[in-house]
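Have the viewer open and follow along.

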Amino acid sequence: MEYTTLGGPSGPRVSALCLGTLPFGTRIDEAAAFAVLDRFHEAGGTFIDTANTYAFWEPGATGAESELVIGRWLRSRGVRDEVVLATKVGALPEPPGSAWPEYAEGLSAPVLRRQVEESLRNLGTDRIDLYYAHIDDRATPVAETMGAFGDLVAAGKIGRAGCSNFAAWRVEESRGAAVAAGVPDYAAVQQRYTYLRPRPGAEFGVNPHASEELLDYLGTRPELAFVAYTTQLTGAYTDPRKEIPEQYRHKGSRRRLAVLAEVAKETGLTANQVVLAWAMGGGVPVLPVIGASSAGQLEESLGAVGVRLDDGIRRRLDQAD
């Protein structure tokens, strides 16, 4: 495993891959989830990502399932101090069963104070290392949200705050509010990002693909870690049973997929491994959130760590359209 620091040189040391746990406790049962977590830890993985919403949309689920599975794994293995733990707040439907995202809980100070305690209980820990604002909340002043995150840092309940699914200007507005209040600003931005480019005008709802504006912004803010989800398109690059999401279906994607297949064949890598290596080695370094439903599936992603694509290959991948 390789490692980097989160949120600048003084931030926590994290593995170059982050394990996403969205389906744990719902579509992936506890035994399978534990097997994936064990293998990730054995391989040197330290960065684990969940949310207080995973996965509320599944039949009979509340959103606490993933956090609860991770909490039981941490207690049973005794490895809490070896893990950098990230969870999220702000997107859970409130009240339960109400329309989403119209009735997401939001990012007010009372919500953050209440939900951090719930996540701490679910995870069986006294601190959350990285606490994300899960989706933007335009109804709550950013000064209130950043002040509440600052209070949680001061109380030792969280290490740092991050934001997910924010526009670049909202990230900057929030960070400005943090500076004005003298509280820590965001340490990480999590956003959808992959090798294929979205079709112009493609709609992703509250989970947008990283825009060129956001990428340009992150390129000027090296203290902000860029954590990317759906980098492997949930297996669609390599699994013929899975379709490329419709937001990425356009002429340019056909060319990019053809070049991706050529590079995979030439390098002896899988398309997923090429995509991860491409992301991690770009001008704006990416820390991918990987998913796996089995330890065997996890091995493919682990095989991308340490892969360096030469300049010629990167140009071919970047210039395909």
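A charge counts as sitting over a ring if NZ of Lys or CZ of Arg is within 6 Å of the ring centre and within 35 degrees of the ring normal. Keep in mind that what you're looking at is a predicted model. With that in hand, go to Tyr 3: the charged end of Arg 13 sits over its ring, 3.9 Å from the centre. You can find another such case at Tyr 195, where Arg 256 lies over the face of the ring, at 4.1 Å from the ring centre.

Now for rings meeting rings. A pair of aromatic rings is described by the distance of the centres and the angle of the planes. Searching the whole structure turns up 9 aromatic pairs. One of them joins Phe 149 and Tyr 186, edge-to-face, with 6.1 Å centre to centre and 75° between the planes. This pair links distant parts of the chain: Phe 149 belongs to helix α4 (residues 142-154), while Tyr 186 is in the loop between α5 (168-181) and β8 (188-192), 37 residues apart.

Tyr 186 also pairs with Phe 166, again edge-to-face, at 6.2 Å centre to centre and 90° between the planes. Here too distant parts of the chain are linked, as Phe 166 is in the loop between β7 (158-164) and α5, 20 residues from Tyr 186.

Bring in Tyr 131, and ring pairs link Tyr 131, Phe 149, Phe 166 and Tyr 186 into a cluster.

Two of those names come back in the largest nonpolar core: of its 84 residues, Phe 149, Tyr 186, Tyr 195 and Leu 317 touch the most other members. Helix α8 (residues 271-280) supplies the largest share of this core, 7 residues. What does Leu 317 contact, leaving aside its neighbours within four places in sequence? Among its contacts are Tyr 195 and Arg 256, along with Val 259, Leu 260, Val 263, Val 274, Trp 278 and Leu 309. A second, separate core has 14 residues, including Val 84, Val 227, Leu 287 and Val 289.

Finally, zoom out. An unreviewed UniProt entry annotates residues 17-319 as "domain: NADP-dependent oxidoreductase". Over residues 17-319, the chain is 40% helix and 13% strand, with the end C-alpha atoms 26 Å apart.

Definitions and conventions:
Residues numbered from 1 in each chain as written. Predicted model: local features only at pLDDT ≥ 70, side-chain atom pairs only at ≥ 80, totals over all residues. Heavy atoms only, no water. Phe/Tyr/Trp six-rings, centres within 6.5 Å; stacked < 30°, edge-to-face > 60°. Helix = DSSP H or I, 4+ residues; strand = E, 2+ residues; numbered from the N terminus. Core = buried A, V, L, I, M, F, W, Y, C linked by side-chain atoms within 4.5 Å. Buried < 20%, exposed > 50% of the residue type's maximum accessible area, 1.4 Å probe, protein only. Contact = heavy atoms within 4.5 Å. UniProt positions renumbered as here; feature names shortened; annotations may be inferred.
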